[in-house]
Structures are given as C-alpha cells and as structure tokens.
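The following paragraphs lead the reader through a structure, beginning with the places where chains meet and ending inside one chain. Please keep the sequence and the view at hand while reading.

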Amino acid sequence: MYPRPFEYVRAGSVEEALDLKSKTGGRFIAGGHSLLPMMKIRVTSPETLVDIGRLDDLRGISANGGFTIGALTTHSMVASEGGNGFPAALKEAAGMIGDPQVRNRGTVGGNVAHADPASDLPTVFAALGATMTATSKGGTRDIGAADFFTGLFESALNDDELLTAIEVGSEGGGRGSAYAKLFNPASRYAVAGACAVVDLDGDGTCTSCTVAVGGLTPKATVLGSLASAVVGSRITEATAEAAGQAARAEVGDDVMGDVYAGVEYRRDMLGVFVARALTAAASRAV
Amino acid sequence: MKVSMTVNGREVTGTVEPRTLLVDFVRNNLGLTGTNVGCDTSQCGACTVHMDGMAVKSCTVLAVQADGSTVTTIEGLASDGQLHPMQQAFWDAHGLQCGFCTPGMVMASVKLADGNPAITDAEVRHGLEGNFCRCTGYGNIVEAVKQGAAAMVGGES
Amino acid sequence: MTRYLGTSVKRVEDPRFLRGLGKYVANLTLPNMAYAAVKRSPLAHAKIRGIDTTRAKALDGVIAVFTGEDLLEGTGGFKCGSLPCGFQVPNLNMPPHNPLAVDKVRHVGDGIAVVVAESPYIAEDALDLIEVDLDPLPAVVDARGAMADGAPLVHDSAEQNLAFHWPLGDEEAVNEALSKSDHVVELEFINQRLIANAMEPRAAAAEWDPATESLTVWTTSQNPHTIRLLLGAFTLGIPEHKIRVISPDVGGGFGSKIFHYPEEVIVPFAARAVGRPVKWVATRSESYVTDAQGRDHVTKAKLGVNNDGTMTALHVTTWANMGAYLSTFGPLIPTALYITLFSGVYKTPVIFGEAYGTFTHTVPVDAYRGAGRPEASYLVETMVDLAARKLGMDPVELRRKNLIPTDAFPYQTPVALMYDSGNYQALFEKIEELSGYESLRKEQEAARAEGRLVGVGFASCIEASGPAPSAVAVGLGAAIGLFESGAIRVHPTGKVTVLTGSHSHGQGHETTFAQIVADQFGIDIADVDIVHGDTGRVQYGIGTYGSRSAAIGGSALVKSAEKIREKLKQIAAHQLEASVEDMVYDQDEGTISVAGSPDMVKTFAELAFASVLANNLPEGMEPGLEESSFYDPANFTFPASAHVAKVEIDPKTGEVDLQSYAAVDDVGNVINPMIVEGQILGGIVQGVGQALWENGIYDEDGQLLSGSMLSYAMPRADGFPSIALDRIETPSPHNPLGVKGAGEMGTIAATAAVSSAVLDALAPLGVRHLNMPLTAEKIHQAIAAAGNGGGE
C-alpha cells in the first residue's frame, strides 16, 4: 500500500507554511500518523504535502497559569508531561493513543485537526474547554473546543488556517480530571470514551462538572445534562452511576455502531465509562 | 527528491519520490532488509526503527520526513560483532520463532527498556502494545525484555 | 561430548534473525527485477463484463498487464492451468480454480488482472487505471445457508453449493444409544472463521532462464516440493525437473502457507512472458482477502450421558465452509482431521459424525493451526461441560470417569483412529496440581459469594499429529503420500550437511534436527548444518504441517544416520581388523571401537575421511558417506493435553480478564524443551485469540468486515498472564525418537479451555452457551438478558 504520487514542500516557518499551502492547495503534514495511513489506502490523495514537521516553535508545552501545547507536541510528550497542574485527563488520554511508536510521531495538532470521532484527545479537549489557536496570514483566531469539532472528521479550521496551539487550564485547587475509555481490542480506538472535569469544595461537594464523550458519537460532545446529576453532591458511586445514566439518556440515538460494538452496547458503555471518569476525576480533585 | 540521513552511523543520500516510505528507503535504496513490513495500517510494529532516538514505525514515515535525521535499524544494533544486550536476551530467552517480527520487536524493546533495568512484566506487556508476534505467545518476549533491560545497564542503548 | 536430545540448546538460526539477516522472499532482489501487483475484485460475486487495461498499460513504467484469459491462452506455448485440490474425498465436486478469474469473480479479493511494472509503487498506480466492468450478483456466505433452496450458486456445477458430504461412524447405533441414555445434551453452535495472520505476508518471485529453459520460483511456502509438483503437473505445465522452488526463511505459516496459491502461478507466468525476474509481495490487506482462512463451521451436536456421568454416544452434523474454491487441502480439514477426533481422550462407545462441505462467496478455507482438531476438541469439550452442568457434576470428575484407561493402548476409537499411547490419568494429576485446580474452585466459590463472575475452564484434548501413513492418507483422499525424506551428507572432514524435506518457518528445525543428527554420530552440533526449503538442493520431500516434522522428518534422519553408522562400523571393522559384530559405536564420544578393546578406536572424522580416501575400504564398498531415507510412519502420533484457565468478567463491560493459565502437555519424548515450550505457548495464545477476540466477519454481501489489523483483533502481549507449563512424556511407540507433534497442541486445547472458563463464569446467571469470540459486547448482552430474567 503506497500513497499516490504527490509534491512535497517543507516549510521553515508558520508564515511560509501558510504561503505554501495557499499556493499549492496542499495539505499540512506533521507527524503524519493520521494522514499517511489514509494516503496509503488511497482514500486521501493530496497533490501536495506541506511539511510543517520542522517548525520547532510549535513543539512543546509551556506553563502560563494554564498550559499552551504547541500543535507539534507529540502524544509521548503529553503523556510524560510532569508540569504541576497539567490536566491529568489529558496526560492519561495521550498515553492511551495507539502505541508507543505511534505516540512518538503522532502530534496533538494533527490528531485534533483530523477530528476523528474515535480518537481520544478531542473528547478531552472538549471537556477541558480548551482553546484552539488557528493561525492564518491575517493573524490568529481562538476557537473554543466546543465549536472546533463540527462533525465526523470535520473541524472549524478554515482552509487558510493552521492549528498552531491548544490552551488548557491547570488543575489542582479542588479541580481534577480523568479520561476513561473502552478500548477496541483491534484498533485501540475508543469504543466509548469519557472525560470528566470536576471541582470539589473543601468538604468534597461537587461545585462544577463537565463531561465530554467520544468514540461513539460523530464528534466529541460535551454532555450538558450531567451537571445536575452531580453538582451539589459528593461524587459517590451512586452519583457517578446517575451521571452515567444521564449520559446514556442524553446521547440518545446519536450513537454510531460498528462491527465490533453495536449502538446499544456502546451507549451502555458510555454510562459505565462516564461513571468511571467521574469517580477518577473526583479522586484527583484535591 | 534528494534525501540525506545518518543510518547506522553512516551518512547516506538517495534520490526518492516524495511518497517513498522510510521503510522502503532503508530496504530498497540502502539494501537494509532487516526491517520488515508486516501490515499496512501502522499496527504490527515489524517495521520499527529508531529515528532521532525514538522508536517509530517506518511504514508511516516518509523518507523525506526523515531527511537529516539519525536512523538506526536492526542491522545497526550490534556493535563490533557483538549482539546488543537486547538481541542477546531474545536469543537466550527464546524470544523469537519465525524471526519476522523480531527486528521491530527488538528495536521497540530497546527503547522500552532504556533506563528501566527492573522493568516489570506489566510494563513490558503494555509497552509492546504496538508490536505483534504470532509465533511466541509473547511470554518469552516478556522474559527477554526483562533480561535485556537488566543487561543494558551501563551499556549502549 | 554430551548428548543434545532432551536439552534446551539455544537456536542456531536465531543470530541471523536477530541481526536482521533473515532471507525472506520479500528481501530478494535480482538484477533487472520487475514488480507485480494484482487487481482484485471488490465484490464477492459478479459477472466480469469487461476488463480494460489500456490506461494501465499506457502508464510510464508499466511493462505488461495480463488478465485471466491471457493466462489461459498463454504465451509462447506456455499457459496456466486450474489450481487443483490435493485432497479428494469421495464424490468431491471440484470446480475449476483459475489463477485469475475468468467470466466471474467469486470472492472479494479474487484476482482479475496482474500488472508488471518497474516498481511496486508504479504497479499499484496501474491497478487504479484498470477498468473492470462487473455485474454484481447476489452472494452467499454462510456454510449452512449455502445449501438452502434458492441460495446463489458459487459454481453452476455444484448443486446446493455442495462440495462433499462425508459421514463416519454407525449412525444407527448412535441413535439407539442416545435413546437409551439418561440424558441427551444438545447444542447448535458456530466455530467462527479465523484468519491466520502469519506476520510475514505471502510473497512470490520467479525467474525464467531461457538458456536452460528452466524456472526458479521463490515462495513463502511450508512445502516447496508440493508446490513444484503442482506447478509441473497442473498449473504451469513446465516439466517438474525444470522447476526449482525455493522457500527460504518463511515468517510463520500456521497452515496458511501450505497451499498452492494463484500468485505462485501468475508470477512465474509473468516472469517468463516479460523475460525478467518478477516479484510480488502481498500487502496485509491482500493477505486478509487471499490467504486461505480457517475454521468456519456450523454444528449440531448431541451427547448422551447417564446419571453416573458415563458418556454413551455422540452425534454430530457440521456444515463446513469451503469458501469460493477448494484450497489444496480444504476437504481434508472438516473430515479426516475433524470427525476422527470426536472420541477425544474419552471412551465414548459409539460416535457418528458427518460434514457437509459447502461453497460460499468467501475466501477459501483450509488448514489453520490445529486444522479440524481444535474444532473437534472445542466441540467435545463444550459438550462434556454441558453434560457436567446438566448432572451437577464437577467437569473434571466427569471427564475422569470417561478417560481411556492407561492400560487400553493402543486404543481403537469408534471413529477410525488407533491411539498409539497415552497416560491421561497422569496428565490429569499433573494439571490439577500445576493449576491448583481445587484452590481455584475455592477461590471461585468465594468470589461468587461476593457476586463476582469468576470462571474456571478445563479442557483435556487429543490430537492426531504427524500425518500420516501414506496408505491411510491416500485411502482418505490425499493425492500424494505423506512420508518424509532426510538425507545426510558427511564431508571428508567429518562435517555434516543434512537435507530435510521438512520446512522450518519458526519451528527451529535447524536446531532440533541438528540435535538429532549430532547425537546419532556423537559429534558437535556446530558441525551439523540443516538445509531445507530448496527443491534444487533437497531430495523430494513433503514439508511441514500437521505437527509432523519431528516425528516423520526427524525419523527419516535417524534412519539415514543408522545407515551411515552401519557403514562406518564396516569401515572401522575393516581397518581395525575386527569383525563388524564386535564394533561398538559410542554416541557420547563419536567413536567406534572394538568391544573390549577401547584402544582399538576410530573417530567419526577419521572414518569420514577414510570413506573418501577410499584406499582401504571393505571389499566392494562404495566410497563416500551419504545416505538418504524416506520414512513413512506406521501411524499418526497422539499427543494429549490438559489445560486450565481462570477468568474474571467485568460485569459492567463484559470484558474478560484472563487471570491464570496452566497447561500440561504430553508430546512424547522432547528433543528440545525450550523449543517445545515455545511452540505450546505460541499455540495457546493463538487458541485464546479464537476464544476471545479473533473473528473473520463477512456481511451478507460477502464483504469481509474484519479485513485489516484495525478490525481483526490480534492477540497482544497485554492480553495474557504468565502461563504455567509442565509436561509428561509418554513416548510414541512407533517412531524411533518416541516423539509426538508439539506444534498445534496449545491451540487445540486453549480455545476450549478459555471458552469453558468464560461459560463457567456466566453459568450462575443461567447462560448456557455463547459462540466465540466471547467479546465484551456478547457477554454484556448475556449478562443483561440474565438480569432481565432471560439467559440463553
């Protein structure tokens, strides 16, 4: 399986990358771990690849109250990030992507821009309320994660934009997060994935709660109905279960099945993994 | 396009189509056929090499992306005719049968074990999630990686 | 010098693999080589209305494009024939199987045209430019459904899509025994389709030499001589002695590389037609739709059992999916390698089994590790578990009640086979100890009291390995005898080259065969080289499958060594002026001396040199030291095993956690314990793969839905605990090494053991049976149904 022929150009700067893209009508490639597999089976055949893999300024994680994650940061880097207050859910989700070799090449930006519903990071960024920074020749634009994922393999990025960074808040001070998923035993993608971010007050009462789900929905989706099941209570097994039930109800029929797992099962698993993510998030909210 | 890289300590250059996969560059242009291709969906790990110090699947990297990089393939692991401790451990522990997954398995294991001489069974089993073996049932591979990890201390990785 | 047999000699083949120096077919490069790619059908069943190769031929770098008709018409008096089936059961319907489809395609992946180009990249580009006009036709994929009225026919010549019907046993006696039994347990179930997934995708390369009018074919085959025979006699029509087939290092087979495949015909055809060496390497995606697949049975079974636990009779009907064409050994698998195993390790007095082999619009089905025997053991063990549950007996106790007693060997089963030897009571004692069976049951009891779903599975299995006495094999339908050859060539300096008809593709023959030969002569193992996999170097041989190499290939080597030892004794006797009867071969030292006179001694190397110095040999003796043997076994060998698995099921997700696994196997004498344990371990993991994850799923249109490693769940390292192994050794009485097959036993037992454990975990919920693979979803549904008062 080989890609169809294409032209290849390498960008030395974000500006040049944007120029090359507009001149060639090509596609950006960073790690290539979303794009190349699709090109090898020839479902995608760009005429030009604009390689942004050498834009080292876009690689790395910096703390600034929250955290700015450069688009070229690899999953491995995220999974081993040791920064104080770095969202635990993000770290653990990055460690669940593919396998070590894939995580060494795959980038956060590429993953997110690919907007694969079975991927893990979109779910986490949605729950964290991350902000995506899109850069075009006209400047930069911030897009909230909730608006960024617009559909199956679709994002709010325009053709003339490059996703350059993702910002997330820090946790601690009563906030905790967790990601939990049921692995497809073949692909390792999420059969159902859930990310929970919770704030607890001094006596363990939940003061805010955001849960996003993915894997089974066409895009990473924040479930709005869960807060009422949880906020104002301690997160016990019972409240987590209730939140799981609420999650099942809220996704309703908006669930995709496949040969490994049918719609019913995926929805049931969503309930289970929402509960697990909530429980884990609460245990980290210190 | 012209690409240059350091492969197994040697400067190499070649002219390739942009679509040439790194694995095909090392196999066909350089004649280093130790790196095998076992799948076409980036799953099996048979094609694992080290690129700039990291284990990567060379079937999912373009040769042009590796331009300027330092690459080590299975052929570059032994030095001065001596098997690398991980190769030796795979031999000692019967961690291979047909040998086809072995180069990728060994390359992945070297990185997995690096700096973790007391690596546990669970760490090895989880850490090899990107490498399939159809022959051994993995048990002896786990044993080999643990032995190799211990033997790598102080040596080259 | 120490003896090598029975010791874990490190594998001599390993350094080349560890250094990346394995010689796989895909690594072969020849001057001026061209590259082939095959255009394949995207539909399971369609009429070919037209194939337009114009644009493909016009692409820069394309050398030629051939269609199925081109292959039949041929070029320069050279044309391709239909791929034959090598196992012809009575009344077999054998439709033609052209190397590239003509008129119709019959499964997704059926070849339509071949491109030869300057690079594999260009060849693939050209595939995009071949325009195939297909008229879609309805498909049938289900083994039993294929026989239904109105089902689409795969071949017009095969009514009801029936390839064969194969009954064995006394059905009347079985029915009578069932009617008199206290209980009859019945079950209808599926043994799902599997895909072998050897890590090395298949490959073929060929070079035609116009000077000698001869052909060399490199192929990923477990049996290169068989491929040469079929190429010569059927598919290429080039005289057999003008064909050399080389199977160099082969990256795993598991059965899938036994068979004669279309590409082994297409590639040589193309090489001769374009006058250049041509190589084809399958992509993994191609492997999924072209490598012969495994299992795929629908079965109805009835087991009679009395209140005291005695098994009285077994009645089985199986519909076995053959796929779209009969693969080389296809009909053998669900017949002589399946129904004959229904006695298991038990003394069930009467048994009847029958198989309907049916054509469907799917990839051909043939041997996959175990090949019929895992299907049989899964069937027998599942039925035994059901009987135990019905009677409220411990499943091990019920099994023990029915074991063939140790003093009953050789044991004639009601289904044709005569078991050579066994000690099943000892096997049971050892596995109960190794697994801690009693304490596992106690743990289970405690866990169940807490509402946890913990299961303990047990499987005790038989295998007929080492096929087969040629008279038996041919009597059953084999088109060739199934002996094996082994030649030993002693060089003047006492170094030894061994030429075996067996083929190693992971089994470690280069080590175990060297152990055998080194011990025969009392020489250093480093002085013995094993050559295999090349018809240009090795005498006619049969190849490796059915766990046959040690028992048959190894025995052939012993026979040759005995001939050489005899000759050496004669030379020694002559030179030491003693009588041959007084000569003693010391296999520890590699010397021959006169009995009672240890100083009158010759070494192996001295005598080897004497044989070529040839100036002082016994009257009439030919110089040189080389012998060959063709060993035809007297019987199959019958390894046995008992495995125990413990699982816990996550009640919320249905996921199975395999927590412990213990296996005791009896594969007779063991040549190299390390290698045997490696074979058992690998086999177990493949068997667990079938029980829990692997599934070749076709939709009703014949599309393979699990056609890549993204959707076909391969066992990974993290799915397994550390596996405990032990063995007993009951030698086979009829081969000189006393060995039995070791390559498949793990798989044969593990599928049954793990399925048994999962069903045992679910039993308190009233779940009676679930078909494999036991996926999380399936189990979750069963748990939910039980919670709703359902169960199954």
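Two residues are in contact here when heavy atoms lie within 4.5 Å. The contact between chain B and chain C takes 47 residues from chain B and 53 residues from chain C. The model is a predicted one, in which local features need pLDDT of at least 70 and side-chain atom pairs count only at pLDDT 80 or more, while totals for chains, interfaces and linings use all residues. Residues are numbered from 1 along each chain as its sequence is written, chains are lettered from A and ligands numbered from 1 in the order in which they are written, and side-chain values use heavy atoms, with hydrogens and water left out.

Buried area is the accessible area (1.4 Å probe) that two parts lose on being put together, summed over both. Three residues, W91(B), R125(B) and R134(B), supply 21% of the area that chain B buries against chain C, more than any other three residues.

A salt bridge is a side-chain nitrogen of Lys or Arg within 4 Å of a carboxyl oxygen of Asp or Glu, and 3 salt bridges are found between chain B and chain C. One of them joins the side chains of R19(B) and D125(C), at 2.6 Å from N to O. There are also 28 residue pairs in polar contact between chain B and chain C (both at pLDDT 80 or more). A polar contact is a pair of N or O atoms within 3.5 Å; within protein, one must be able to donate a hydrogen and the other to accept it, and residues adjacent in sequence count only if both atoms are side-chain atoms.

Helices (H or I, at least four residues) and strands (E, at least two) are DSSP runs, numbered from the N terminus. On the side of chain B that touches chain C, the elements giving two or more residues are α1 (22–29), α2 (85–92), α3 (102–113) and α4 (121–127) of chain B. The most comes from α2(B), with 5 residues. By class, this side of chain B has 19 nonpolar, 18 polar and 10 charged residues; Ala, Val, Leu, Ile, Met, Phe, Trp, Tyr, Cys and Pro count as nonpolar, Asp, Glu, Lys and Arg as charged, and the others, Gly among them, as polar.

The contact of chain A with chain B takes 31 residues from chain A and 28 residues from chain B. Between them these chains bury about 2,500 Å², 54% of it on carbon and sulfur atoms. Here K40(A), Q101(A) and R105(A) supply 25% of the area that chain A buries against chain B, more than any other three residues. The count of salt bridges between chain A and chain B is 4, and one of these pairs R103(A) with E129(B) at 3.2 Å, N to O. On the side of chain A that touches chain B, two or more residues come from each of β1 (7–10), α2 (35–40), β3 (48–51) and α5 (100–105) of chain A. Of these, α5(A) gives the most, with 6 residues.

One network of salt bridges brings the three chains together: R4(A), R42(A), E17(B), R19(B), E124(C), D125(C) and D128(C) are linked in it.

Chain C itself has 19 helices and 28 strands. Its radius of gyration, taken over C-alpha atoms, is 27 Å, close to the 28 Å that the globule rule gives for 792 residues, so chain C is as compact as a globular protein of that length; the rule is 2.2 Å times the number of residues to the power 0.38. Of the 792 residues of chain C, 67% count as buried, where buried means under 20% relative accessible area, exposed over 50%, and partly exposed in between (1.4 Å probe, protein chains only).

The side chains of R16(C) and D249(C) meet at 2.7 Å, N to O. R16(C) lies in helix α1 (residues 14–18) and D249(C) in the loop between β11 (243–246) and α7 (263–274), so the pair ties together parts that are 233 residues apart in sequence. R16(C) is partly exposed, at 25% relative accessible area, whereas D249(C) is buried, at 7%. Another salt bridge joins K430(C) and D726(C) at 3.8 Å, N to O. This pair links helix α11 (residues 424–435) with strand β28 (residues 723–727), 296 residues apart.
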